[in-house]
Amino acid sequence: NLLNVSINATWVGRLGDYADSWLSDPRFLGGAALFAVGFVINYDADRRLFALRRDGAGYAIPHGGLYRFVTCP
């Protein structure tokens, strides 16, 4: 991952030449929206797991959110 992010950051930050219009490109907006949705899902799942630990219930199965549909959202 460190190599991957280094290559990508070097290209985007130093070598790439982008006009400001790429910020309104549908591909960028779609990717940003997908990232935001994934971030919210991950944050909610972690919040539910930390709440189980805080309650001191020992082994417990999380409920609510996307845990209604899958065991590891």
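A residue is described as exposed when its relative accessible area is over 50%. In the predicted model examined here, Cys72 has a relative accessible area of 68% and is therefore exposed. Cys72 is located in the segment after H2. Although 27 residues separate Cys72 from Ala45 in sequence, the C-alpha atoms of Cys72 and Ala45 are 8.1 Å apart in space.

The secondary structure of the chain consists of two helices and zero strands. The radius of gyration of the chain is 19 Å, whereas the globule rule gives 11 Å for 73 residues; the chain is therefore more spread out than a compact globule. Along the principal axes, the C-alpha atoms of the chain fill a box of roughly 55 × 25 × 20 Å. Of the 73 residues in the chain, 8% are buried. The accessible surface of the chain amounts to about 6,600 Å², and carbon and sulfur atoms account for 64% of this surface. With regard to charge, the chain carries 7 positive and 6 negative charges, and the mean positions of these two groups lie 10 Å apart.

The aromatic rings were examined next. Three aromatic pairs were counted in the model. One of them is formed by Trp22 and Phe28, with a distance of 4.8 Å centre to centre and an angle of 75 degrees between the planes. Planes over 60 degrees apart count as edge-to-face, and the pair of Trp22 and Phe28 is accordingly of the edge-to-face kind. Trp22 has a relative accessible area of 37% and is partly exposed. Phe28 is likewise partly exposed, at 33% relative accessibility.

Phe35 and Phe39 form a pair of another kind: the centres of their rings are 6.4 Å apart and their planes stand at 25 degrees, so this pair is stacked. Phe35 and Phe39 both belong to helix H2, which comprises residues 26-55. Because Phe35 and Phe39 are four residues apart in this helix, about one helical turn separates them. Both Phe35 and Phe39 are exposed. Ring pairs also bring in Tyr43, so that Phe35, Phe39 and Tyr43 are linked into a cluster.

How values were computed
Residues numbered from 1 in each chain as written. Predicted model: local features only at pLDDT ≥ 70, side-chain atom pairs only at ≥ 80, totals over all residues. Heavy atoms only, no water. Phe/Tyr/Trp six-rings, centres within 6.5 Å; stacked < 30°, edge-to-face > 60°. Buried < 20%, exposed > 50% of the residue type's maximum accessible area, 1.4 Å probe, protein only. Rg over C-alpha atoms; globule rule 2.2 N^0.38 Å. Areas by Shrake-Rupley, 256 points an atom, 1.4 Å probe, with all protein chains shown as cover. Lys, Arg positive; Asp, Glu negative; His and termini not counted. Charge placed at Lys NZ, Arg CZ, Asp CG, Glu CD.
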